[in-house]
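Thanks, everyone, for making the time this morning.

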Amino acid sequence: MRAVQVQEYGGPEVLRTVETEVPEPGPGQVSVDVAYTGVNFADLKARGEGYRVPSLPFVPGLEVSGRVRALGEGVSGVEVGQEVAALTAGGAYADVVVTDATTVFPLPSGVDLRTAATLPTVLPTAYALVHAVGRLQPGETVLVQGAAGGIGTAVGQLAKAAGASGVFGVVSGAAKAKYALDHGYDDVFVVPSTTDSVQFVDEVRAATGGRGVDLALDPVGGETFRASLVSLAVFGRLVSFGNASSAEPWRVGQPELYPTGLSVSGFSILTLAQTAPGALRALTEKAFAAVAEGVVSLPVTAEFPLEEASEAHRLMGGRTSTGKLLLRVA
């Protein structure tokens, strides 16, 4: 079978298509004939700096849609040939992937394989940020970094559906701002570089009458994390769900939190899959239901053949992409 491997860390050019053995599922696992693979920023970090890479060579990819190929011992709830979406720990840039049965999900009625590939990481993450971790209430306001990306696109729609009175986004360019405004955002602030992140603080304060936002969602880290914290209203909540800036891990303590009763929490869907698979499954089922009911959709804005994974990485790494990028496998 074909697989796209990282044999050394570096730019998009290190992604190489190779022929390799078809993997077989072990106990509690499922193998999937891949139709589409989702491209995520975590894949770029894996390729460039070894994020969550156990060893080389490594096949990136965290989410797929396709058909069940084989079942490992003790697996029930899915059948060979059934159309599914799956979250993986890696290996999704390939014709066949093996993953734990707990992260394999039958497709909701009316959801096709192409749409399904956009769901396993982005939708449960977005749903958790708005509901399970962020606990957004009707009438509250929310600030979202990366508003035009996959998670940002979904969060904008979910927050509006949850009754948010103001949904504000931060993006890196004017075209992204226009895209975000079409997907649930009330106002979008353009910050060309993460080093300029402090500039959105004044804009947030102005947009909220000086109050700040009730909930801030940050996948960037570093100075953006700190500026998001400053943007909070009294009793505000900040959720960190990534460190795209590769900055030193943030630290927040009593001096920052005590004066206005702030709170900080975190979320990682990959870690949740390892530590609380039952909670992840319940979360994913709710997120998939929101798609099936038409509450949220995630447009596929670019699609590449598997062999052109490097081009998908160049597009995402250039900070011009919006929505969801896919690799077409089958």
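Predicted model: local features only at pLDDT ≥ 70, side-chain atom pairs only at ≥ 80, totals over all residues.

Residues are numbered from 1 along each chain as its sequence is written, and side-chain values use heavy atoms, with hydrogens and water left out.

I will start with the interior. A nonpolar core here is a set of buried Ala, Val, Leu, Ile, Met, Phe, Trp, Tyr and Cys residues joined through side-chain atoms within 4.5 Å. The largest one has 55 residues, and those touching the most other members are Leu123, Leu136, Val142, Val155, Tyr185, Leu217 and Phe267. The element that gives the most to this core is helix H3, residues 122-132, with 7 residues; helices and strands are DSSP runs numbered from the N terminus, with helices being H or I of at least four residues and strands E of at least two. A second, separate core holds 33 residues, including Val32, Val78, Tyr93 and Leu327.

H3 also packs on helix H10 (residues 277-292), at an angle of about 100° and with the axes 9 Å apart. The two helices therefore count as roughly perpendicular, the range for that word being 65 to 115 degrees. Axes are lines fitted to C-alpha atoms over the stretch in contact, and angles run from 0 to 180 degrees between N-to-C directions.

Which parts does the pair Glu63 and Lys324 tie together? Glu63 lies in strand S4 (residues 63-71) and Lys324 in strand S15 (residues 324-328), so their bridge joins parts that are 261 residues apart in sequence. Its N to O distance is 2.5 Å, and both residues are buried. In the bridge between Arg211 and Asp214, at 2.6 Å, Arg211 is partly exposed at 43%, whereas Asp214 is buried at 7%.

Asp214 is also one of the contacts of Arg237, a residue in strand S12 (residues 232-240) that is buried, with a relative accessible area of 17%. The side chain of Arg237 reaches the backbone oxygen of Gly134 at 3.0 Å, and Arg135 is among its other contacts.

That brings me to the backbone. Most residues other than glycine have a negative phi, and most peptide bonds are trans. Arg135, in the loop between H3 and strand S8 (141-145), has a positive phi of about 50° and is exposed at 52% relative accessibility. Arg319 likewise has a positive phi, of about 60°, but is partly exposed at 40%. Finally, the peptide bond from Leu56 to Pro57 is cis, with omega near -5°, and Pro57 sits in the loop between helix H1 (41-49) and S4.

How values were computed:
Buried < 20%, exposed > 50% of the residue type's maximum accessible area, 1.4 Å probe, protein only. Salt bridge = Lys/Arg side-chain N within 4 Å of Asp/Glu carboxyl O. Polar contact = N/O pair within 3.5 Å; in protein donor to acceptor, adjacent residues only side chain to side chain. Contact = heavy atoms within 4.5 Å. Parallel < 35°, antiparallel > 145°, perpendicular 65-115°, else oblique. Lists of a residue's contacts leave out its neighbours within four places in sequence.
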